[in-house]
Amino acid sequence: MESCLEAGANDELSPIGEEARGPLWWRGNNEVTDADPLLPGQIRGDRQAQPRGNWFPLHRYADDPRTCRQCGTSFVFTAVEQQHWYEVWKILELAHPSRCARCRRERRAADALGATLGSAFAAVDKDPADAWAHLNLAQATLALRADRAEGDAARAIHAARRALELEATLAAAVDEVITRLRATL
Ligand SMILES: [Zn+2]
């Protein structure tokens, strides 16, 4: 189930004010008060639970159809999800999800691959005579290139060859990673 409530859903927010008009306006419309009856599908906002920095209180929530800025897919920021964002997570009211759940997951996975590559570079810097660190760097680069065509393939092939110079028993693994790196070029 794709949702705006999964872990990390709020790790990529639109900048405040980017879409300050449109659907956001009615959410905080000061002409709508708690005395007004809810329309079908709306739920009441609890202003005491909302962050103090809000420009205006959210009196009510309703499903908010949105378009993913990355892939263009339509998704819904539901009334229940909004209530959770602004009253449980205490996010300021002008922030909202800008990507669909699938794009958010892909970005997080890509970020994790980037972090793994960063660690691999650090390990090589720390001990340039460690054959496994060089092989690991080559494999981490391969994982990144397979995922999103990023990472320096020439640098990775160089690292794999260095691993073999340092440790002859890595020949099979080095062959494989070089072959697969070349396939990404
Ligand atoms: Zn998307």
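Predicted model: local features only at pLDDT ≥ 70, side-chain atom pairs only at ≥ 80, totals over all residues.
Local features are reported at pLDDT of at least 70 and side-chain atom pairs only at pLDDT 80 or more, while totals for chains, interfaces and linings use all residues. Residue numbers start from 1 along each chain as its sequence is written. Helices (H or I, at least four residues) and strands (E, at least two) are DSSP runs numbered from the N terminus.

The hairpin consists of strands β3 and β4, with 6 residues between them. In the turn, G72 has a positive phi of about 85 degrees. Strand β3 covers residues 64-67 and runs antiparallel to β4, to which 4 bridges join it; two strands are taken to pair if DSSP finds at least two bridges between them. Within this pairing, D64 has F77 of β4 as its bridge partner, and P65 stands opposite V76.

A residue is buried if 20 or more other C-beta atoms lie within 10 Å of its own, exposed if 12 or fewer, and partly exposed in between, with C-beta atoms placed from the backbone. Strand β4 (residues 74-77) has F75 and F77 on its covered face and S74 and V76 on its uncovered one.

T67, in strand β3, counts as partly exposed because it has 13 C-beta neighbours inside 10 Å. Apart from its neighbours within four places in sequence, T67 is in contact with G72 and S74, where contact requires C-beta atoms, placed from the backbone, within 7 Å. T67 also lies 7.5 Å from R99, C-alpha to C-alpha, although the two are 32 residues apart in sequence.

Axes here are lines fitted to C-alpha atoms, for helices over the stretch in contact, and angles between N-to-C directions run from 0 to 180 degrees. The axes of helix α3 (residues 101-126) and α4 come within 9 Å and cross at roughly 160 degrees. The two helices are therefore roughly antiparallel, a term for angles over 145 degrees. Their crossing is left-handed, meaning that the near helix is turned anticlockwise from the far one by less than a right angle. Among the residues that meet are L113, L117 and F121 in α3 and L137, A140 and L144 in α4. The contact residues divide into 12 nonpolar, 5 polar and 2 charged. Ala, Val, Leu, Ile, Met, Phe, Trp, Tyr, Cys and Pro count as nonpolar, Asp, Glu, Lys and Arg as charged, and the others, Gly among them, as polar.

Helix α4 (residues 131-148) also meets helix α6 (residues 171-183), their axes coming within 10 Å and crossing at roughly 30 degrees. That angle makes α4 roughly parallel to α6, the term for angles under 35 degrees. This crossing is left-handed. L135, A138, Q139 and L142 of α4 make the contact with A173, V174, V177, R180 and L181 of α6, a set of 7 nonpolar, 1 polar and 1 charged residues.

Finally, L38 is placed in the loop between α1 (23-27) and β1 (43-44). With 14 other C-beta atoms within 10 Å, L38 is partly exposed. Leaving aside neighbours within four places in sequence, L38 is in contact with R44 and R60.

Notes. Parallel < 35°, antiparallel > 145°, perpendicular 65-115°, else oblique. Contact = placed C-beta atoms within 7 Å.
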